[in-house]
Structure formats: structure tokens, C-alpha cells
Amino acid sequence: MIGIDCHTHTNVSPDGSGTAGGLCRSAISKGLKAVAITEHIELNRWFSQEHYGIIPRNEDELFNYSEIMEKAMKQNTSARGTYGSRIHVISGIELGQPHLDFGLAESVINDARLDYVIASLHEVIGKEDFYYLDYNKESVDELMERYFKELFKICEWGKFDVLGHITYPLRYIEGECGIKIDFDKYEEQLRECLKSLAQHGCGLEINTSGLRQKYGKIFPSIEILKMYREYGGEMVTIGSDAHCADDVGSGVEEGVKMAAEAGFPYLCYFNEREPIYIKII
Ligand SMILES: [Zn+2]
Ligand SMILES: [Zn+2]
């Protein structure tokens, strides 16, 4: 068993539950060797609500992520202090929407307490998180195009370690709403993102949360993993995207199988922003 989960949340994230202690104890009881705690840091809400002068559009639209960052870093350091002899605790963040202010994003990820940075795109400019959109009223086509266009900007920036759940909108469009997406339409845009990731030495995440959700599959598909590899991409991490202690490590072994099937000889996790490779084939 590889036993490494590179994507988890606690109640420090607005949509997570449970403590870092509970998460670590659950990971240890399941025999994991390493766990990354990667709280949401939505960069477009780093400052206070007054700073942006807008009202929250839903219950997850918290502001002041600068405070959440501080809480997260203290939590991660303390979890490592308590559980570090039994499990490798990786101090990470999931940085959402870094393309809205790359200067700010760089100052955030320069925090010396960070081992690991996942970059994510949960919402396109002017829209709410994909979780909240009504796909019977939205143009799915336009949304997907915008998603990949903005994602490409993030890939071109390339200062993060790994891109999280590259096919995130599918969790809701296909999974929750049952609207089938013809991926061929976006293949060119998707390929540009994968090529850029590989060129910038950034990794691609295998996110197993879909296995526990209506979507029923891992993000992304094996075909997408293979495309990344075609462009010379070598860095693959696996994360459950657990939002509670029970889900930590969930689907990780299926993810390892998929990485091996796609031809990746190694998986990696991060320490002090440097990849550590583990042989899987
Ligand atoms: Zn995410
Ligand atoms: Zn997440």
C-alpha cells in the first residue's frame, strides 16, 4: 500500500468538518504514511468583505482568507508536532483562483510554513463556484470554454506544485445534473493546459472524491493522465479531497492503480515545496 493522501480539509475550510487531530488519527488508523492538510484559500476573497464591497452570493462565500491562512498554518504546524512521529504531516493549501491576482498569490505561497500548494479553479470570473450554478439556465458550453481559458492562465503562471481536480466542473455538470459533456469540443484547450503544466514542471492531481459522489469516477480520466504524460509530465499526486476524517485515504489505492495503468512509474508528494518520488511500477 502506498498510503499517501495529498488533499484533505478540516473545519478550518468553510465546507469541511472535524479537526486536524481527528484527521491525523483517522489517517494513522488506516495505515497511511503521509497526509497533506490542504485547506481552501480562495484568493479572490483574501481580504475583508468591505475591501471588495460585495455581498456573499452563498454560504461558502466567506471573506478574510488571510485569517483562514493563518489558522491553517498554525493548525498544520501543531498537527505535525503532535502526530509527526506517527505520520508525515504535509502542510499544504488549496489555492483557488490564483489568476485573479498573481502578485498576491506569489506572496501567499512564499510562506515558509508551506510544503505543498495545489492550484484550483472553483469559479470562473463573475460566476459562483460550479457547485452553485443552475446548469439548466447556464450555457454549459460557454462555461466550459471559460473554465479552460482561465485554467490555462493558471497553468502558464506555473508557480504552484500541482493542479487540483482538472475536470472539476464535471463533478456538478455530469455528476449532479446528469448533463453529458462532449469533451472533444474542449480537447484542444485541455491539451494546452496539460502541455503548459508539463513545461512548467507542475504536477497533475488524481482526485478520488468523484468515487464517493454521484459522478462515480476519478478526476481526471485515464486518457487525460496519458495526455499529460505524452507532453512529458512526470509529477502525479493522489488526493481524496476528504472534507471529514472518515474520508481520508478514500480511493487512494484506486488512484495508484490508475497512475500505474497510465504508465507513470512514480507518484509524488511534497516536502518544503520539493517533490519526493515513490516508485509504483
Ligand atoms: Zn477544490
Ligand atoms: Zn479540496
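View 1. Seven strands, 7 in number, form an open sheet in the order 1-2-3-4-5-6-7, with parallel pairing. The edge strands are strand 1 and strand 7 (236-239), each of which pairs on one side only. Helix 9 (residues 252-261) packs on the sheet and touches strand 1, strand 6 (203-207) and strand 7. The direction of helix 9 makes about 155 degrees with that of strand 7. This is a predicted model: local features need pLDDT of at least 70, side-chain atom pairs count only at pLDDT 80 or more, and totals for chains, interfaces and linings use all residues. Residues are numbered from 1 along each chain as its sequence is written, while chains are lettered from A and ligands numbered from 1 in the order in which they are written. Helices (H or I, at least four residues) and strands (E, at least two) are DSSP runs, numbered from the N terminus. Two strands pair if DSSP finds at least two bridges between them.

**View 2. Strand 1 beside strand 2.** Strand 1 (residues 4-8) is mostly covered, with 5 of its 5 residues buried. Buried means that 20 or more other C-beta atoms, placed from the backbone, lie within 10 Å of the residue's own; exposed means 12 or fewer, and partly exposed is in between. Strand 1 pairs with strand 2 (residues 34-42) in the parallel sense, over 3 bridges. Thr-8 stands opposite Ile-37 in strand 2.

**View 3. Strand 4 beside strand 5.** Strand 4 (residues 116-120) and strand 5 (residues 162-163) run parallel, joined by 2 bridges. Ala-119 has Leu-163 in strand 5 as its bridge partner.

**View 4. The surroundings of Trp-46.** Trp-46 is found in the loop between strand 2 and helix 2 (49-52). Trp-46 is buried, because 23 other C-beta atoms lie within 10 Å. Not counting residues up to four places away in sequence, Trp-46 touches Tyr-65, Ser-66 and Leu-104. Two residues are in contact if their C-beta atoms, placed from the backbone, lie within 7 Å. The C-alpha atoms of Trp-46 and Ala-105 are separated by 9.6 Å, with the two residues 59 apart along the chain.

**View 5. Helix 7 against helix 8.** Helix 7 (residues 187-199) and helix 8 (residues 222-230) pack at an angle of about 50 degrees, their axes 8 Å apart. That angle makes helix 7 oblique to helix 8. Angles under 35 degrees count as roughly parallel, over 145 as roughly antiparallel, 65 to 115 as roughly perpendicular and the rest as oblique. Axes are lines fitted to C-alpha atoms, for helices over the stretch in contact, and angles run from 0 to 180 degrees between N-to-C directions. From helix 7, Leu-190, Arg-191, Leu-194, Leu-197 and Ala-198 meet Ile-224, Met-227 and Tyr-228 in helix 8. The contact residues divide into 7 nonpolar, no polar and 1 charged.

**View 6. Helix 5 against helix 7.** The axes of helix 5 (residues 140-157) and helix 7 come within 9 Å and cross at roughly 10 degrees. Helix 5 is therefore roughly parallel to helix 7. Contact residues in helix 5 include Phe-148, Leu-151 and Phe-152. Among those in helix 7 are Leu-190, Cys-193 and Leu-197.

**View 7. The hairpin of strands 8 and 9.** Strand 8 (residues 266-271) and strand 9 (residues 274-279) run antiparallel, joined by 6 bridges. Tyr-266 has Lys-279 in strand 9 as its bridge partner. The two strands form a hairpin with 2 residues between them. In the turn, Glu-272 has a positive phi of about 50 degrees.

How values were computed
Nonpolar A, V, L, I, M, F, W, Y, C, P; charged D, E, K, R; others polar.
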